[in-house]
Amino acid sequence: MHELVGTRGRGSGASRQRRTGLIAVGAAAGLLLSGCGGSSPAASGGPPGSGTGSAATGLTPSVASSTVTSGASSGGPSSGTTSGMTSGGETAGSGYHGPPATLTWATESSGPQLDAEKKVLADFHTANPSITVTVDAVAFDSYDTKLTTALRAGNGPDVFRVNHPNIQAWATAKFLAPLTDVGVDTTPFISALVTAGQVNGTQYTLPMDTDARALYYDPDLLAKAGITGPPTTWDELLSDVAKVKVTGAYGYAFRNSGDYDMAYETVGPYLKTADGELLNADGTRATAADSAGTVAAVTLLQDIVKTGALPPGQSNMTEDTMNQLFAQGKLAFMVGGPWERPTILKDNPNAKYGKDFATTPIPAQQTGGKSASTSGGWQIGISATGKNPDAAKALVAFIERPDNLNAIAASSTFPPLTAGLDSEPWKSDPFYEAFKAELPNSGLPIPPVPQLAQVAAALQKNVAPALLSGTSAHDALAAFDTQVNQQILRR
Amino acid sequence: MTAGGADTGPSRGGPRTLGFVIVPALVVAAVALYPLLYNIWISLHVNNLSQADGEFAGLLNYRNVFAFDDFWSVLRTTLIWTLGSIAVQFVIGFVAALALDTGIRGAGVIRALLLTPWVMPGVVIGAVWLAIYHPISGLLTEVLGWFGADGVDLLGRSSTALPAVIFANVWKGFPFWMLMISAGLRAIPSELHEAAAMDGASYRQRIRAVVLPGLSTVLALTGTLAFIWTFNYFDLIYTLTSGGPNGATSTVPFLIWQTSFQFNRLDEGAAQSVLTFALMAVAIGSYLRVSKATAR
Amino acid sequence: MTGTGRSGSARSGNARSGGALSTAAGRRCAALVLGVLLVFALVPVYWMVSSAFKTNAEIAALAPTLYPHHPTLEQFRAVLAGGALLRSLGYSAVIAGLTTIVVVVLGSCAAFAVSHLTFRGSKGFLIGILFTQLLPQSAVLVPVYLLWNSLGLTGTGAGLGLVYLALYLPVAVWMLTGFFRGIPLDLTEAGRIDGASNVRILWSIVLPIARPALAATAIYTALTCWSEFLLALVLLTSNTTTVTVQLAGLIGRHDTNLGQLMAAATIATVPPVVAFFALQRYFVAGLTIGTVKG
């Protein structure tokens with residue numbers, strides 16, 4: 001898609017020379033300038049506490065400084081050189097001087113997010129004319145299948161999105177190259193997300209985005225039901241759901257169709273507000289039935305079901321259907337991520353924030369309790385068998401620049417930065433207030449274990465039926481614990 | 001069937017015959033033998049997501065399949081799905097082919113129109129049937145509402161989910177039967193019909209005495225192929241129910257896909273695949289011994 | 001009884017005698033049956049087409065409209081923008097078309113050998129190639145990809161076509177064998193006595209009789225190639241891919257773009273239906289064994 005214009009870049013003759021034997025020069029680059037790099041901020045590129053030993057620390061500045069070296073080898077410093085010295089995170093991507101390279105970027109993004117990614121990739125190409133990036137956009141549903149198959153054959157894309165449940169498995173399978181020397185300054189990042197990209201202390205992926213869930217409500221419906229404001233506690237939510245019945249609309253709906261729904265969308269957010277857990281912190285044992293917060297969260301949803309204010313089809317409820325109901329003013333409450341808004345507006349172009357829909361933090365378990373949510377997100381990784389690792393790392397460094405992360409996240413998720421929602425478009429939009437309040441207390445519902453997908457599916461299998469039947473919350477969670485401990489974590 | 005035994009061909013086994021079958025024979029090796037051996041190899045190792053790691057684990061993966069994966073109940077669901085689908089597909093396809101063969105005007109157009117379910121892209125079939133089964137605004141839900149059954153969630157109930165996905169699959173698959181039977185009807189010599197008519201046979205008698213025997217080979221082979229495909233087809237299940245509710249529509253190929261690609265357990269998925277292959281091979285093999293599909 | 005007499009005399013025309021229902025009453029009955037079946041078959045198709053002409057808001061309406069109340073071409077405009085869909089249609093057509101030709105040619109040869117040359121091990125051959133179909137696609141995906149990757153065939157349409165050839169040729173052999181068996185051995189033996197080569201016998205005796213079967217096999221192969229998803233997904237990249245993969249791209253992580261999906265699918269359904277019309281006459285005009293003998 002982006003044309004190869006490497007020969008029109010800085011020093012057309014030089015680019016041809018570079019093809020011969022520059023790989024060796026690039027490799028030597030780190031050593032040559034490691035003294036210089038050590039004094040530059042790029043030295044902080046390694047994640048805090050990555051603990052891979054002195055070898056990794058020594059390599060850390062190599063990307064930032066390789067800019068300088070390859071520039072020199074092609075006959076004089078280029079414009080990228082000076083800025084390359086100032087900040088690793090800023091310039092690592094804009095000063096690639098290796099041989100012309102073609103990279104494939106695989107993504108499951110679609111719509112505006114894909115457009116934003118393509119824009120960033122185009123900017124990258126402008127900054128690095130010798131690197132051409134082709135985009136392989138794969139539908140989310142088939143993304144893992146395609147990537148697993150290709151990566152296994154050693155023929156994966158060079159740089160790609162990694163859904164966080166796959167980080168451990170893909171790193172262990174040696175699909176991913178370590179990112180220790182990529183020269184991204186991770187200080188602005190949310191540290192838990194950086195840690196999520198580490199396996200045994202080595203950084204394999206870096207965060208691209210994160211998210212959270214909030215309670216969507218329909219202010220019009222609430223007013224009709226005589227409710228003055230959105231609920232702030234579980235009890236208020238429960239009574240509000242029941243009250244909405246007088247309007248003829250449905251009170252509440254929850255997602256119940258995919259294997260991640262219970263963990264991330266339905267039970268997970270409430271579980272987080274009540275400090276419940278599914279596995280213990282180090283991910284060695286399932287302890288859901290012994291966790292008061294988890295039992296309480298499942299019980300809350302059972303109580304919500306008992307109000308009788310839920311729509312038909314709750315045993316196979318999809319996100320599409322929930323948004324459809326909500327957009328038509330037929331549903332008072334639902335839990336959802338920031339990506340629901342575009343869908344609501346697509347289904348009902350006349351919907352207005354504050355009137356037809358609004359967001360509020362996930363209600364706290366008790367008055368004065370905290371509001372929290374599940375969050376997850378996508379990360380970025382490099383293929384261990386890619387043919388142009390230096391170019392791939394330059395691309396990672398470029399995408400991981402805060403401005404680019406913001407641009408990509410803008411349409412429907414959040415940047416993985418502590419400054420997070422303090423920049424536009426999030427800063428002044430009231431829609432995001434609820435998410436802002438929750439983000440500090442949000443995190444993964446299941447600690448990053450290689451079997452995360454199986455654990456999530458086990459929760460779906462054991463808890464989803466219990467929400468709609470008479471099985472006690474404790475029993476359902478005990479069955480989940482048993483399955484996870486005996487069948488999943490042991491293997 | 002026809003006179004002339006299996007071993008009367010004059011050029012049997014000769015090099016000229018080899019030329020006719022060499023490509024399919026090579027194909028067998030490339031797309032069946034290699035994947036089969038590959039799956040057997042993977043299934044005997046553990047943690048084999050990548051090619052690099054993984055250690056020999058004997059039959060551990062097979063043990064896990066039986067211990068943890070509800071394999072037998074999933075297999076049972078798969079058989080109901082498969083046999084239910086192809087039985088109804090056959091009936092509808094047969095009736096459609098007979099009706100088209102009456103010389104009715106516009107048969108060509110009708111046949112093409114009846115073929116559209118088979119032509120529609122798979123991803124859309126899922127989306128359309130989701131809309132039809134939609135518990136709030138679905139077409140079928142609406143129709144059931146006329147008969148007093150409001151808000152019926154066919155895909156959401158354990159008891160109705162499997163029949164509902166089978167119904168959608170019947171819709172998608174009957175045109176193949178129609179096509180094969182239509183072609184098969186053409187091959188029935190008209191003399192047989194005439195002779196039967198001369199004997200004063202009724203329509204039903206002629207179906208039994210002429211049409212069904214004349215179609216036996218075609219039916220046996222269509223049935224065999226449809227059985228294998230339906231058994232292995234899970235796109236529709238994936239879109240409509242993702243195996244739910246409570247695993248009521250989880251079939252073997254769905255389980256294999258989930259284990260291999262969602263759970264990143266290619267080793268266990270391979271064990272499931274090898275088991276499935278073995279069971280299918282036994283079933284198909286013993287069927288072929290008695291059926292007319294390979295008999296001359 | 002008069003009806004059967006008529007059907008006996010109408011054998012050269014459209015209403016050949018195979019249709020035992022060729023009476024006026026029979027045809028009325030057939031019309032009724034076909035009418036019901038048409039409704040059954042076409043309601044979902046109608047849903048797809050009519051949704052393609054609706055606005056997003058109308059599609060999302062909870063009281064679904066039976067026809068587009070505000071017909072719009074916006075969904076078609078959206079999916080046709082950029083030309084990616086049309087390119088993928090062309091790509092699919094080329095791959096499906098070429099694969100089908102090769103499959104039918106090679107399949108006819110093999111089926112002829114199995115049914116009329118009956119070499120040693122022909123039954124084993126037939127069962128063996130059927131076993132290519134037994135492994136579920138999820139199990140075939142990784143090994144085929146590995147094999148194709150080592151042969152340098154990934155990322156190319158030719159590579160995909162070869163997989164299709166490999167997967168669907170066995171089915172074609174099965175289908176054609178089933179039909180070829182219906183052709184009496186006497187017929188091919190007669191040709192042999194006249195000194196015709198095997199190729200000649202296949203070409204001028206077997207294939208003309210088997211035209212309905214060839215058409216059925218060709219339709220099966222073309223349609224299966226056209227709608228195959230998983231292998232096209234992994235073997236090609238999204239810039240040059242088939243139409244099914246292109247369609248799947250309209251289903252997002254959090255949202256299905258239903259209107260565009262329906263519009264794109266409507267477009268994608270047209271070529272195979274047209275292709276079927278083209279092959280249609282072989283069902284009607286295909287020679288039957290009875291007439292050949294007579």
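This is a predicted model: local features need pLDDT of at least 70, side-chain atom pairs count only at pLDDT 80 or more; totals for chains, interfaces and linings use all residues.
**Interface of chain C and chain B**

Chain C and chain B bury about 9,900 Å² between them. Carbon and sulfur atoms account for 77% of that area. On the side of chain C, 109 residues take part in the contact, and chain B contributes 110 residues. The residues of chain C that lose the most area to chain B are C:F40, C:L134 and C:R181, which together make up 7% of what that side buries. Among the elements of chain C, helix α2 (residues 24-52) gives the most to the side that touches chain B, with 15 residues. By class, this side of chain C holds 82 nonpolar, 19 polar and eight charged residues.

**Interface of chain B and chain A**

Between chain B and chain A the buried area is about 2,700 Å², with 49% given by carbon and sulfur atoms. The contact involves 36 residues of chain B and 34 residues of chain A. One salt bridge is found across this interface: the side chains of B:D70 and A:K461 meet at 3.3 Å, N to O. The rule also finds 11 residue pairs in polar contact between the two chains, with both residues at pLDDT 80 or more. Five helices of chain B, namely α1 (15-43), α2 (60-68), α10 (235-240), α11 (252-262) and α12 (266-290), each supply at least two residues of the side that touches chain A. Of the elements of chain B, α11(B) gives the most to this side, with four residues. The side of chain B that touches chain A consists of 15 nonpolar, 14 polar and seven charged residues.

The table sets out the two interfaces.

| Interface | Buried area | Share on carbon and sulfur atoms |
|---|---|---|
| Chain C and chain B | about 9,900 Å² | 77% |
| Chain B and chain A | about 2,700 Å² | 49% |

**Salt bridges**

Over all chains, a search of the whole structure finds 23 salt bridges. One within chain A links the side chains of A:D123 and A:K119, at 3.0 Å from N to O. Both A:D123 and A:K119 belong to helix α8 (residues 111-127) of chain A, where they lie four residues apart, about one turn of the helix.

**The sheet of chain A**

In chain A, four strands form an open sheet with mixed pairing, in the order β8-β9-β7-β10. Strands β8 (250-253) and β10 (358-360) of chain A are the edge strands, each pairing on one side only. On average, neighbouring strands of this sheet are turned by 25 degrees against each other, direction ignored. Strand β7 (residues 214-217) of chain A runs antiparallel to β10(A), and three bridges join the two. Opposite A:L215 stands A:T360, in β10(A).

**Local backbone features**

A cis peptide bond joins A:E424 and A:P425, with omega about 10 degrees. A:P425 is placed in the loop between α20 (402-409) and α21 (433-438) of chain A. In chain B, B:S242 has a phi near 50 degrees, a positive value in a residue other than glycine. B:S242 lies in the loop between α10 and α11 of chain B, and these two helices each supply at least two residues of the side of chain B that touches chain A.

How values were computed
Residues are numbered from 1 along each chain as its sequence is written. Chains are lettered from A and ligands numbered from 1 in the order in which they are written. Side-chain values use heavy atoms; hydrogens and water are left out. Two strands pair if DSSP finds at least two bridges between them. Axes are lines fitted to C-alpha atoms, for helices over the stretch in contact, and angles run from 0 to 180 degrees between N-to-C directions. Contact means heavy atoms within 4.5 Å. Buried area is the accessible area (1.4 Å probe) that two parts lose on being put together, summed over both. Ala, Val, Leu, Ile, Met, Phe, Trp, Tyr, Cys and Pro count as nonpolar, Asp, Glu, Lys and Arg as charged, and the others, Gly among them, as polar. A salt bridge is a side-chain nitrogen of Lys or Arg within 4 Å of a carboxyl oxygen of Asp or Glu. A polar contact is a pair of N or O atoms within 3.5 Å; within protein, one must be able to donate a hydrogen and the other to accept it, and residues adjacent in sequence count only if both atoms are side-chain atoms.
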